[in-house]
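Thanks for passing this one along for a look. Here are my notes, point by point, to read with the structure open beside you.

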Amino acid sequence: MHKLAQPMYSLTEELKSKAEVYYGDKVCREKFSLLLAEIGLPDGLLTIQDIEECGYVKEIGFVWLKLEKKREQWFDKILVCYDTVVTAYVEQNKIKNLTGVKARDFLLWFTLNEICVKGNPEEPVITFKSLVGLSMSFPLSLFEAGKEAKEEAKEEKWWRMIKL
C-alpha cells in the first residue's frame with residue numbers, strides 16, 4: 001500500500017488479534033521504551049504513567065497505548081495532554097498519523113500528528129508537527145532519559161523553533 005494511502009485504523013478486536021499486546025503499566029512502559037529505541041526515538045517521549053494496555057502490529061507499524069485516564073505532562077513550558085487511547089504508525093525515526101495527543105504552547109492548543117528525528121548525528125533535533133502545519137523542534141537530548149542529558153540540553157544553547 002502506498003505510504004500516503006495508509007488507512008486510519010481504529011482499535012478493533014480484529015486488529016488486536018494481529019498484534020503483540022501487553023497489559024500493565026510496568027510491562028507496557030518497558031515494551032514501548034524498547035520499541036522507541038528500536039525505531040530511533042528517545043524513551044523520554046514516554047513519561048506518562050498508568051498505561052493499562054499497549055500493542056504493536058509490526059506488519060503495518062500500528063501502535064497504541066490505553067491509559068487509565070487522560071493525562072497531562074509538562075515538557076519544559078509546553079503542556080502535553082494524552083487522551084485515554086493514543087494511536088500511531090511508527091517507522092524508523094518517525095511517529096506519524098498520531099491520534100490522542102495535544103500540546104499547548106502559549107495559549108493555543110495543537111493536535112500533534114507527527115514526531116520525527118532529523119539533523120546531523122552531532123546535533124540531532126526532534127520535531128513535533130501539528131495538523132495545522134505548525135512544528136516545533138528541540139534538541140534530541142532534551143527527551144533522552146537521564147537527568148544529566150536533560151540538564152546538558154538546557155545548559156547548551158538549547159533552542160526552540162516554531163515553523164509555519
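1. The lining of the second largest pocket divides into 7 nonpolar, 1 polar and 4 charged residues. Here Ala, Val, Leu, Ile, Met, Phe, Trp, Tyr, Cys and Pro count as nonpolar, Asp, Glu, Lys and Arg as charged, and the others, Gly among them, as polar. Glu20, Lys31, Glu38 and Lys58 are in this lining, along with Tyr22, Phe32, Leu34, Leu35, Cys54, Gly55, Tyr56 and Val63. The pocket has a volume of about 190 Å³. α2 gives the largest share of the lining, 5 residues, and β1 (20–23), α2 and β2 each supply at least two.

2. A word on the basis of all this. This is a predicted model, in which local features need pLDDT of at least 70 and side-chain atom pairs count only at pLDDT 80 or more, while totals for chains, interfaces and linings use all residues. Residues are numbered from 1 along each chain as its sequence is written, and side-chain values use heavy atoms, with hydrogens and water left out. Helices (DSSP H or I runs, at least four residues) and strands (E runs, at least two) are numbered from the N terminus. Pockets and cavities come from a 1 Å grid over the protein atoms alone: a cavity is a set of points where a 1.4 Å probe fits but cannot get out, a pocket is an open set with protein on both sides within 12 Å along at least five of seven lines, and lining residues have an atom within 4 Å of a point. Grid points are joined across faces, edges and corners, and a volume is the space filled by probe spheres set on the points.

3. The structure holds 1 cavity of 30 Å³ or more, and the volume of the largest cavity is about 370 Å³. Its lining has 26 residues, with Leu45, Tyr82, Val101, Ile115 and Phe128 lying nearest the centre. By class, the lining has 25 nonpolar residues, 1 polar and no charged. β5 provides the largest share, 7 residues; α2 (25–38), β3, β5, β6 (94–105), β7 (108–118) and β9 (135–139) each contribute at least two.

4. Strand β3 (residues 62–67) deserves a look: 5 of its 6 residues are buried (under 20% relative accessible area, with exposed over 50% and partly exposed in between; 1.4 Å probe, protein chains only). β3 pairs in the antiparallel sense with β2 (residues 51–57) over 6 bridges, where pairing requires at least two DSSP bridges between the strands. In that pair, Gly55 stands opposite Trp64. The β2–β3 hairpin has 4 residues between the strands, and Gly61 takes a positive phi near 75 degrees. β3 also pairs with β5 (residues 78–91), again antiparallel, over 5 bridges, and Val63 has Ala88 of β5 as its bridge partner.

5. What joins β8 (residues 125–130) to β9? The two strands run antiparallel and are joined by 5 bridges, with Pro139 the partner of Val125. Their hairpin has 4 residues between the strands, and Gly133 in the turn has a positive phi of about 95 degrees. In β9, 5 of 5 residues are buried.

6. Is Ser130 buried or exposed? Ser130, in strand β8, counts as buried because its relative accessible area is 7%. Leaving out residues up to four places away in sequence, Ser130 touches Phe110, Thr111, Leu112 and Asn113, a contact being heavy atoms within 4.5 Å.

7. Arg71 lies in strand β4 (residues 71–75). Beyond its neighbours within four places in sequence, Arg71 is in contact with Ile48, Gln49, Asp50, Val80, Cys81 and Tyr82. The C-alpha atoms of Arg71 and Asp83 are separated by 6.8 Å, with the two residues 12 apart along the chain.

8. Finally, confidence. The average pLDDT (the predictor's confidence in each residue, from 0 to 100) is 83, and 82% of the residues score at least 70. Over residues 1–7 the pLDDT is below 50, and this stretch has 9 contacts in the model beyond near neighbours in sequence. Residues 152–164 also stay under 50, with 33 contacts beyond four places in sequence. Where pLDDT is low, the predicted coordinates should not be read in detail.
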